[in-house]
Every structure is written in structure tokens, then in C-alpha cells.
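Please examine the sequence and the three-dimensional structure shown below. The report after them is intended for a reader who is new to protein structure.

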Amino acid sequence: LASPAYAAEPTRAPNVVSLFADDMGYGDLGCYGAKEIRTPNLDAMAKDGVRFTDFHVAQPVCSASRAALMTGCYPNRIGIHGALNPMAKVGIADGEVTIAEVCKSKGYATAAVGKWHLGHHPQFLPTKHGFDSYLGLPYSNDMWPHREGIKPGSYPNLPLIDGDKAIVDDVTAEVQSTLTQRYTERATEFIEKNATKPFFLYVAYAMPHIPLFPGEKFKGKSKAGTYGDVIEEIDWSAGEILAAIKKAGVD
């Protein structure tokens, strides 16, 4: 039986923030034993909350894993396998219900920031699947014409999308190094604007998926090379988001 405290009607629906790092290893955080990478903000979250030591994903690959995260369904059932590329014609179907759509039906403000990878055509983008706003890359940051060792023309230009329009038509190395900061700024702005209502915020970092591009303030700062640098920048980002939540008075 539920206790009286849990049975009571809450005065406000809970806010939900999901931080999703791409290809981060189990042991890359201090709370899981990392010694060469500093992650104080994420370690503090683990200390104050729950740290999982036995967990599984539906599939360990980009699009399929995100399909499961967004819908709660096995990706095979909804027809998304592996990692969709820029030549793909398919994406998340209209009939699938995302967590953002469920939240919107309950009066939530919703935002997606970062890598999407559930279809890059207009009908598949986050704003068509329950998110009020979107800023990010439509697929993996290595699916671009600047990738080393590929034949010219193998990939089209990688766009940075705001809503359903490209604000950067050709994401270069210089732009990649600004992605975590851009995502952090958009996330904290969303929290500030929606402090008086319940919100669902999905932040899907490009890093540490290769190619690795830390921001200028984080280059060479870790003891684990460029990989450690991008993890420490993600930890900084998590700290900024947590600080915005606290500043908004909804922590």
C-alpha cells in the first residue's frame, strides 16, 4: 500500500531533465572509478541520487538506442535499426508516441537539445514529435564531409538545426568545438523561461562520440587527453544546468 505521503495529490508535476552522453564509457566518471577525469557535478548527482551498477540498453547503437529511449519500445518493433545516415529516407513514424508527447499532454513545456538521430527529414525532427523547440545535429557528428579518410562526396554537409531550419549549413571543426557550450546555453535558457510550469528537457550531447572537439576553455585541461577534455566539459555543462534549476527555484 502507498504511504499517505505518496498517496497525496502533488501540488505540481515534477520537472524532468535527461542528460544523454553519446558513447561515454561506464568508467569515465569519478563516481564509477575514473581517476584521470574530473567530474564533480555528475559525481554529486550520483551521491545525492541513485547510481546504477547493473543496467542495460535496448541496443548499443545510435538511432536504435534513441528510439527506445524516446518511445519506451524495442527499436526493432518500430523499425529503427542501427544508425540512420544522411541518405536515409526513414525516421520515427508519426504513430509512435514519444515521452515528449506524453509530457505535452500533461501541460509540460518540452525542449530537445543536441543530437537527434531519429530521422533528419522535416517530418521526423523533434518539433514534429512533441518538442516545442529543438537545437542540435540531426545525426552523428562523424557523418560529415570533413571526416578523415573518406572519399569526397561521401557525406553531405552536416547542418546545425534550430527548430526545423539549418542555422549553420556546414558544421566545421570550429563549430563542433562550440556544440557543448551552445547546447548548455539553450538548455539553461529553456529552464529560465519555463520555471513557472512543469517542463521536460532532453539534452543529448554530441560528445564523446568521435570526432572529439572540446571547447577552447577545456582543451588540454584533463589528464586523459582530448577524450577526458570533452568529458570534463560535459560535467561543466551538467553543473550549469543544475545551477539554472536551482536559480529558477525548482530544485
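## Basis of the report

The model is predicted; local features require pLDDT of at least 70 and side-chain atom pairs pLDDT 80 or more, while totals for chains, interfaces and linings use all residues. Residues are numbered from 1 along each chain as its sequence is written, and side-chain values use heavy atoms, with hydrogens and water left out.

## The sheet

Helices (H or I, at least four residues) and strands (E, at least two) are DSSP runs, numbered from the N terminus. Six strands form an open sheet in the order β1-β6-β2-β3-β4-β5, and the pairing is mixed. The edges are taken by β1 (16-20) and β5 (165-168); each has a single partner strand, so one side of each is left without a neighbour in the sheet. On average, neighbouring strands of this sheet are turned by 20 degrees against each other, direction ignored.

Strands of a sheet pair through backbone hydrogen bonds, either parallel or antiparallel. Two strands count as paired if DSSP finds at least two bridges between them. Between β1 and β6 (residues 199-204) the pairing is parallel, over five bridges. Within this pair, Val 17 stands opposite Leu 201 in β6.

## Helices on the sheet

Contact means heavy atoms within 4.5 Å. Axes are lines fitted to C-alpha atoms, for helices over the stretch in contact, and angles run from 0 to 180 degrees between N-to-C directions. Helix α3 packs on the sheet and touches β1 and β6, its direction making about 170 degrees with that of β6. Helix α6 (residues 179-193) lies across β2 (109-114), β3 (133-136), β4 (160-162) and β6, and runs at about 175 degrees to β6.

## Aromatic rings

Rings of Phe, Tyr and Trp (its six-membered ring) pair if their centres lie within 6.5 Å; planes under 30 degrees apart count as stacked, over 60 as edge-to-face and the rest as tilted. By this rule there are nine aromatic pairs. One of them, Tyr 26 with Tyr 32, is tilted, with 4.7 Å from centre to centre and 45 degrees between the planes. Ring pairs also link Phe 20, Trp 116, Phe 131, Phe 200 and Tyr 202 into a cluster.

Buried means under 20% relative accessible area, exposed over 50%, and partly exposed in between (1.4 Å probe, protein chains only). Tyr 26 is partly exposed at 44%, and Tyr 32 is partly exposed at 21%.

## Cysteines

A disulfide is a pair of cysteine sulfur atoms within 2.5 Å. The structure holds zero disulfides. For Cys 62, the closest cysteine sulfur is in Cys 73, 19 Å away, which is too far for a bond. Cys 103 is likewise in no disulfide, the nearest cysteine sulfur, that of Cys 73, being 15 Å away. Cys 62 is buried, with a relative accessible area of 13%, and Cys 103 is buried at 10%.

## Two buried residues

Thr 98 is situated in the loop between α3 (62-71) and α4 (99-105). Its relative accessibility is 0%, so Thr 98 counts as buried. Apart from residues up to four places away in sequence, Thr 98 touches Met 70, Ile 92 and His 129. A polar atom of the Thr 98 side chain lies 2.8 Å from the backbone oxygen of His 129.

Glu 232 belongs to helix α7 (residues 225-247) and is buried, with a relative accessible area of 8%. Not counting residues up to four places away in sequence, Glu 232 touches Glu 36, Ile 37, Arg 38, Phe 218, Lys 221 and Ser 222.

Note on methods: A polar contact is a pair of N or O atoms within 3.5 Å; within protein, one must be able to donate a hydrogen and the other to accept it, and residues adjacent in sequence count only if both atoms are side-chain atoms.
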